[in-house]
Amino acid sequence: FGTKVWTYVQPVVYSSAFQTLITVSLLFILYGPDVWQLVEANDPYDNVLFGLLTACLFFSLLKIAFFCFQPGYFPSFFFLVDLLGTLSLLASTDWVKDEGSGAEMEE
């Protein structure tokens, strides 16, 4: 099953557009909230920021999901590295901590 799905998914995952989307998503997740505060686009636009961050996180998780169909990827070292990297990214972002604890974002 996985090999058959991978033949359809591989062109998407290795396309320049998808790689660019993943890179931009990662950079936005890491630096977006800081830039958001620097330009002081807070209160009325916090839901927009949260939506963008959620979408970027979705694309990062989608990459891992796509690669799970690559033969030999799922129980490999690289899968574990990608999974740990995603989990550490989640743990290091303030917006996930704030949403999980119910705390409001500070200005």
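This report describes the fold, the nonpolar cores and selected residues of a predicted model.

Local features require pLDDT of at least 70 and side-chain atom pairs pLDDT 80 or more, whereas totals for chains, interfaces and linings use all residues. Residues are numbered from 1 along each chain as its sequence is written, and side-chain values use heavy atoms, with hydrogens and water left out.

**Overall fold**

The chain contains 5 helices and 0 strands, giving the pattern α-α-α-α-α along the sequence. Helices (H or I, at least four residues) and strands (E, at least two) are DSSP runs numbered from the N terminus. Of the 107 residues, 28% are buried; the term denotes under 20% relative accessible area with a 1.4 Å probe, protein chains only. Contacts are heavy atoms within 4.5 Å. Among contacts between residues at least 6 apart in sequence, 64% join residues at least 24 apart.

**Nonpolar cores**

A nonpolar core is a set of buried Ala, Val, Leu, Ile, Met, Phe, Trp, Tyr and Cys residues joined through side-chain atoms within 4.5 Å. The largest has 11 residues, among them Val9, Phe66, Tyr73 and Phe79. H1, H2 and helix H3 (46–67) each contribute at least two residues to this core, and H1 gives the largest share, 4 residues. A second, separate core of 8 residues includes Trp36, Cys56, Leu57 and Leu89.

**Selected residues**

| Residue | Helix | Relative accessibility |
|---|---|---|
| Val9 | H1 (residues 2–13) | 11% |
| Ser25 | H2 | 2% |

Val9 counts as buried because its relative accessibility is 11%. Val9 and Phe66 are 57 residues apart in sequence, yet their C-alpha atoms are 6.7 Å apart in space. Phe79, another member of the largest core, touches Ile64, Cys68, Tyr73 and Phe74, not counting residues up to four places away in sequence.

Ser25 is likewise buried, because its relative accessibility is 2%. The Ser25 side chain reaches the backbone oxygen of Leu21 at 2.8 Å. With residues up to four places away in sequence not counted, Ser25 touches Cys56 and Phe59.

**Surface patch**

Tyr31, which lies in helix H2 (residues 16–38), belongs to a nonpolar surface patch together with Leu26, Leu27, Leu30, Val35, Leu38 and Val39. The patch has about 690 Å² of accessible area in total. Patch residues have over 30% relative accessible area and no salt bridge, and nonpolar side chains are joined within 5 Å. A salt bridge places a side-chain nitrogen of Lys or Arg within 4 Å of a carboxyl oxygen of Asp or Glu.

Terms used
Buried means under 20% relative accessible area, exposed over 50%, partly exposed in between (1.4 Å probe, protein chains only). Patches are made of residues with over 30% relative accessible area and no salt bridge: like charges are joined within 9 Å, nonpolar side chains (Val, Leu, Ile, Met, Phe, Trp, Tyr) within 5 Å. Accessible areas come from the Shrake-Rupley method with a 1.4 Å probe; for residues, only the protein chains shown count as cover. A polar contact is a pair of N or O atoms within 3.5 Å; within protein, one must be able to donate a hydrogen and the other to accept it, and residues adjacent in sequence count only if both atoms are side-chain atoms.
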